[in-house]
Amino acid sequence: MNNSSPAEMSEPGKKPGSDGSTLEVTVFSPRHPEPAPFSFPNAMSVGEAAQQVAQHFGYAAGTPTFKSADGEVLDRDKPLRGEHVRDGAVLELVDVGGGV
């Protein structure tokens, strides 16, 4: 049975979002042992995406952003694609205020 919503459905054999409209990433959180998968529109700001992840992991306050696998802290005000986030990226949730 196909559980995809109509917006997620695509041509047969084509992965939803493979047209570059969404990014599938994995995010680690300092307080949670298991990473979680997320899907974001590629034009979403890093800050908006990080806030969604922070809420998912139960963080109530702070100024969340992501750190890339090479240790670069991403600019919260730029779009994910603008910060070179690609499908399959592994990111770490961090707080630029130091609270995460």
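User: Which residue is the bridge partner of T26 in β4?
Analyst: T26 bridges to V90 there. Strands here are DSSP runs of E, at least two residues, and helices are runs of H or I, at least four, numbered from the N terminus. This is a predicted model, where local features need pLDDT of at least 70, side-chain atom pairs count only at pLDDT 80 or more, and totals for chains, interfaces and linings use all residues. Residues are numbered from 1 along each chain as its sequence is written, and side-chain values use heavy atoms, with hydrogens and water left out.

User: How many bridges join β1 to β4?
Analyst: Three, between residues 22-29 and 90-95, and these strands run parallel. Two strands count as paired if DSSP finds at least two bridges between them.

User: What's the strand order in the sheet?
Analyst: β2-β1-β4-β3, an open sheet with mixed pairing. β2 (32-41) and β3 (64-67) are the edge strands, each pairing on one side only.

User: OK, helix α1. Which strands does α1 touch?
Analyst: α1 (residues 46-56) packs on the sheet and touches β1, β2, β3 and β4, contact being heavy atoms within 4.5 Å.

User: And which α1 residues are buried?
Analyst: V46, G47, A49, A50, V53 and A54. Buried means under 20% relative accessible area, exposed over 50%, partly exposed in between (1.4 Å probe, protein chains only).

User: What comes after α1?
Analyst: G58 follows, with a positive phi near 90°.

Methods: Axes fitted to C-alpha atoms, helices over the stretch in contact; angles between N-to-C directions.
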